[in-house]
Amino acid sequence: MEFTLAITGASGSIYAQRTLMHLAASGVVEHINLIMSEAATTVAKVELGVDLTGGDRGAVNRWLGLPDGSRLIHLHRLDNIAARPSSGSHPQEGMVIVPCSMGTLGAIASGAGTNLIHRAADVTLKENRRLVIVPRETPYNAIHLENMLRLSRAGAHIIPASPGFYHRPQTIEALVDHLVFRILDHLGVPHSQSTQWKGLPQQNRELVSTTED
Ligand SMILES: Cc1cc2nc3c(=O)[nH]c(=O)nc-3n(C[C@H](O)[C@H](O)[C@H](O)COP(=O)(O)O)c2cc1C
């Protein structure tokens, strides 16, 4: 499988990191086109203390714990509008934007894209491929919400960066992964963790009245 993954300058670089790690671990993804906005590298420095500027695949591999020589990740410059993800004739399964800033969300929703991330998302929609968008801002204003609705109507899967707590995560990674596995579900990538709701655990069943056994 081949996907494009875009990282933009919304808070939540760790969502991008762990989505990439789990795509790599899935065993079915052979090629990831990675595109980062300038703001994404700034936020990654602030939040994770990692320097991803300079288009260095080695640095990205180290960030993800991949072997130095791994060729899974293909980095594309933001201004390279001739890169593979820019064309619908290049076959791939889909694209995820994680996390997605309100600026990128607006550019895609308006159809007035100016960089490779916007173009690749536009192409994914026009080819009826899976486009997963993980927006992050709080609170959302009416423009943000309308842009999400517009993109949802155009076929995008909107998965806000709002993980659940009902699995009682004990670490930030466990909290983040709960959302990441939902992203993989929507991309159609298998993973080892069950995110399928199976009702409350036995010890909590009395908390809600239910007619289930
Ligand atoms: C530390 C930091 C956190 C930010 N968090 C958000 C955020 O959660 N959501 C958002 O829409 N923008 C956020 N921004 C602002 C965006 O980075 C900014 O609007 C940028 O122009 C987005 O560009 P891009 O869409 O090309 O990545 C943040 C900026 C910084 C420096």
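A residue is near a molecule if one of its heavy atoms lies within 4 Å of that molecule. The structure is a predicted model, in which local features need pLDDT of at least 70 and side-chain atom pairs count only at pLDDT 80 or more, while totals for chains, interfaces and linings use all residues. Residues are numbered from 1 along each chain as its sequence is written, and side-chain values use heavy atoms, with hydrogens and water left out.

Around the ligand stand T8, G9, A10, S11, S37, A39, V43, S101, M102, T104, R136 and E137, a shell made up of four nonpolar, six polar and two charged residues. Both α2 and α4 (102-110) supply at least two residues of this shell, where helices are DSSP runs (H or I) of at least four residues, numbered from the N terminus.

Some of these residues make polar contacts, that is, pairs of N or O atoms within 3.5 Å. A polar side-chain atom of S37 lies 2.6 Å from an oxygen atom of the ligand, whereas R136 uses a backbone N or O atom, 2.7 Å from a ligand nitrogen atom. For E137, a polar side-chain atom lies 3.4 Å from a nitrogen atom of the ligand. Taken alone, the ligand exposes 640 Å², and the protein buries 63% of that (accessible areas by the Shrake-Rupley method with a 1.4 Å probe).

S37 also belongs to the lining of the second largest pocket, together with residues including M36, E38, T41 and H76. Both α2 (38-48) and β3 (73-76) supply at least two residues of that lining.

Conventions: 1 Å grid on protein atoms, 1.4 Å probe; cavity = no way out; pocket = protein on both sides within 12 Å on 5 of 7 lines; lining within 4 Å. Polar contact = N/O pair within 3.5 Å; in protein donor to acceptor, adjacent residues only side chain to side chain. Nonpolar A, V, L, I, M, F, W, Y, C, P; charged D, E, K, R; others polar.
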